[in-house]
Amino acid sequence: MANYYSDHPEIGFHLNHPLMKRIVELKERDYEDAKTYADAPVDYEDAIENYKQVLDITGDVAANIIAPNSESVDLEGPHLENGRMIYASKTYENLDATRKAGLWGISMPRRYGGLNLPNVTFSMLSEIISAADAGFQNIWSLQSCIDTLYEFGSEEQRQKYIPRICEGEGMSMDLTEPDAGSDLQRVMLKATYDEENQCWRLNGVKRFITNGDSDIHLVLARSEEGTKDGRGLSMFIYDKRDGGVDVRHIEHKLGIHGSPTCELTYKNAKAELCGDRKLGLIKYVMALMNGARLGIAAQSVGVEQEAYNEALAYAKERAQFGQKIIEFPAVYDMLSRMKAKLDAGRSLLYQTARYVDIYKALEDIQRDRKLTPEERAEMKKYSRLADAFTPLAKGMNSEYANQNAYDAISVHGGSGFIMEYKCQRLFRDARIFSIYEGTTQLQVVAAIRYITNGTYLSIIKEMLEQEVAENLKPLQARVAALVNIYEETLESVKNAASQEMQDFLARRLYEMTADIIMSLLILDDATRAPELFEKSAQVYVRHAEAEVAQHAAYVKAFDAADLANFRAAEKE
């Protein structure tokens with residue numbers, strides 16, 4: 001029987017990373033829960049075994065329930081009845097299966113009914129479910145919104161809402177509005193305090209809300225009358241049981257049809273303030289978005305894997321000119337690049353998740369006791385690394401998902417354009433990944449300060465010091481040569497002393513940075529598991545060499561006159 005976890009040992013490999021011991025140690029807090037909860041691990045090995053069991057269960061559900069349902073869900077989609085969103089019928093089967101399997105409340109502490117699993121494992125689960133159906137992954141993975149409520153809500157709110165998510169209720173984050181997409185400072189949904197009933201009331205419209213008719217919503221609203229920027233926004237909790245919110249419209253989308261995207265009308269809806277006033281955008285949404293971006297990176301890797309699977313299977317079966325097409329250099333070149341991007345992108349995803357795990361666990365511990373100076377330094381280090389790596393993981397993997405889905409259609413030829421083949425759905429689903437939760441352009445904006453201030457360069461040089469297998473040292477030397485080109489290219493941009501030119505060239509610098517970091521990550525993976533990753537390391541480094549050389553040539557030949565030409569072209 002198929003299993004989307006055990007069929008891909010590359011996923012489980014990432015549970016063996018050296019940082020996992022520290023993650024488990026922090027997450028389990030000396031395994032105190034074992035005294036109270038029968039399912040809590042008693043040591044590191046037991047914790048890893050628990051993770052593998054949950055992953056195996058998820059792999060089974062994904063392969064044998066969610067994936068077989070995906071075509072029906074894509075065709076039917078959700079619909080609107082009397083102001084309420086109704087899922088596609090097979091989506092209810094998926095929800096029932098994941099609830100019965102205990103796959104809700106993944107990251108929450110056991111005292112609230114959660115599984116207390118780290119971000120690394122949650123990302124693996126997201127990847128697996130996305131490979132089966134990226135649209136359903138949206139619905140399921142939005143349970144991670146509860147992390148923000150756990151982090152910033154009161155203990156009363158935690159006890160009220162977290163157990164419901166652990167039992168399988170859905171969530172949404174209601175941020176965007178018709179006039180406030182990426183520019184969330186323009187949010188105008190109005191929050192006013194109802195003195196008589198001692199609660200907040202929300203009025204206005206939200207648009208493009210994923211899973212918008214969910215049970216529990218986190219809502220960004222303007223609580224400070226007369227304000228027009230982010231300082232007037234607060235975060236609120238809306239409970240569907242209280243009423244006051246209707247679904248006005250469900251968007252008809254290119255892809256991820258199983259994931260309802262709703263326009264909502266708030267009419268005097270009762271809500272609770274989450275955390276402090278005025279910090280909704282400045283602090284809480286930033287935390288919410290970073291978690292969501294890691295989720296989209298995992299969603300992207302899942303589709304990268306499934307696109308590669310579909311292309312490989314077709315290439316092995318399809319014969320032309322008397323031989324299987326997988327024997328054609330043009331085809332196996334394409335397949336090898338798909339696999340290399342998948343492996344390198346996955347490595348970037350889980351490295352990012354590990355960084356998030358360490359600093360988030362230390363933040364959680366800090367709520368209960370004072371951290372030692374060493375722990376504070378550790379939290380600061382990994383918080384900075386997570387902040388730097390998240391835009392790379394989200395941006396690059398969302399682009400790779402699009403590329404792999406495109407290439408899967410190419411391998412299929414004319415059949416790839418026919419609706420009966422899965423690759424067309426993967427292509428449609430993938431297109432949104434580089435748009436929602438921050439476009440790739442916004443990921444570049446988030447990353448550029450770490451490029452120009454030398455943070456990534458320092459990380460890269462430290463990574464270059466890591467020992468690799470003897471047969472991989474020539475590849476490592478070639479990556480070192482790329483670092484020199486990268487450093488020269490970066491200096492040329494900085495020396496130009498033009499903010500406009502830096503902004504114009506930022507995407508190229510961003511891709512160079514990511515290409516080099518992923519090359520070093522895949523070399524480390526290939527050193528520890530050559531049977532899984534050595535081929536991908538060979539292919540990916542060659543890919544990185546081509547990309548870095550191309551971008552370096554473009555940047556070094558670019559000057560102010562070129563910039564003027566582009567501006568002129570815009571005005572024509």
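The structure is a predicted model, in which local features need pLDDT of at least 70 and side-chain atom pairs count only at pLDDT 80 or more, while totals for chains, interfaces and linings use all residues. Residues are numbered from 1 along each chain as its sequence is written, and side-chain values use heavy atoms, with hydrogens and water left out.

Leaving aside residues up to four places away in sequence, Thr-513 touches Ile-451, Tyr-456, Ile-460 and Tyr-486. Helices (H or I, at least four residues) and strands (E, at least two) are DSSP runs, numbered from the N terminus.

Stepping back to the whole chain, the secondary structure comprises 18 helices and eleven strands. The radius of gyration is 24 Å, close to the 25 Å that the globule rule gives for 572 residues, so the protein is as compact as a globular protein of that length. Here the radius is taken over C-alpha atoms, and the rule is 2.2 Å times the number of residues to the power 0.38. Along the principal axes, the C-alpha atoms fill a box of roughly 70 × 60 × 55 Å. Of the 572 residues, 57% count as buried. Among contacts between residues at least 6 apart in sequence, 75% join residues at least 24 apart.

The accessible surface comes to about 23800 Å², and carbon and sulfur atoms account for 51% of it. Accessible areas come from the Shrake-Rupley method with a 1.4 Å probe, and for residues only the protein chains shown count as cover. As for charge, there are 67 positive and 88 negative side chains, with the centres of the two sets 3 Å apart. Lys and Arg count as positive and Asp and Glu as negative, whereas His and the chain ends are not counted; each charge is placed at NZ of Lys, CZ of Arg, CG of Asp or CD of Glu.

Side chains of opposite charge can pair when their charged atoms come close. With a salt bridge defined as a side-chain nitrogen of Lys or Arg within 4 Å of a carboxyl oxygen of Asp or Glu, a search of the whole structure finds 49 of them. One of them joins the side chains of Arg-241 and Glu-169 (3.1 Å, N to O). Arg-241 sits in the loop between strand E7 (233-239) and strand E8 (245-250), and Glu-169 in the loop between helix H8 (155-166) and strand E3 (171-174), so the pair ties together parts that are 72 residues apart in sequence. Arg-241 is exposed at 61% relative accessibility, whereas Glu-169 is buried at 15%.

A second bridge is formed by Glu-251 and Arg-207 (3.9 Å, N to O). This pair also links distant parts of the chain, with Glu-251 in the loop between E8 and strand E9 (261-274) and Arg-207 in strand E5 (residues 199-210), 44 residues apart. Glu-251 counts as buried at 17% relative accessibility, and Arg-207 is partly exposed at 28%. Within helix H16, Arg-528 and Asp-524 meet in a salt bridge (3.5 Å, N to O); the two lie four residues apart, about one turn of the helix. Elsewhere, Arg-29, Glu-151, Lys-360, Asp-364, Arg-367 and Asp-368 are linked in a network of salt bridges.

Finally, a word on the backbone. Most residues other than glycine have a negative phi. Tyr-31, however, has a positive phi near 60°; Tyr-31 is placed in the loop between helix H2 (19-28) and helix H3 (44-76) and counts as buried at 18% relative accessibility. Lys-278 likewise has a positive phi, near 75°. Lys-278 is found in the loop between E9 and helix H9 (280-317) and is partly exposed, with a relative accessible area of 44%.

Notes
Buried < 20%, exposed > 50% of the residue type's maximum accessible area, 1.4 Å probe, protein only. Contact = heavy atoms within 4.5 Å.
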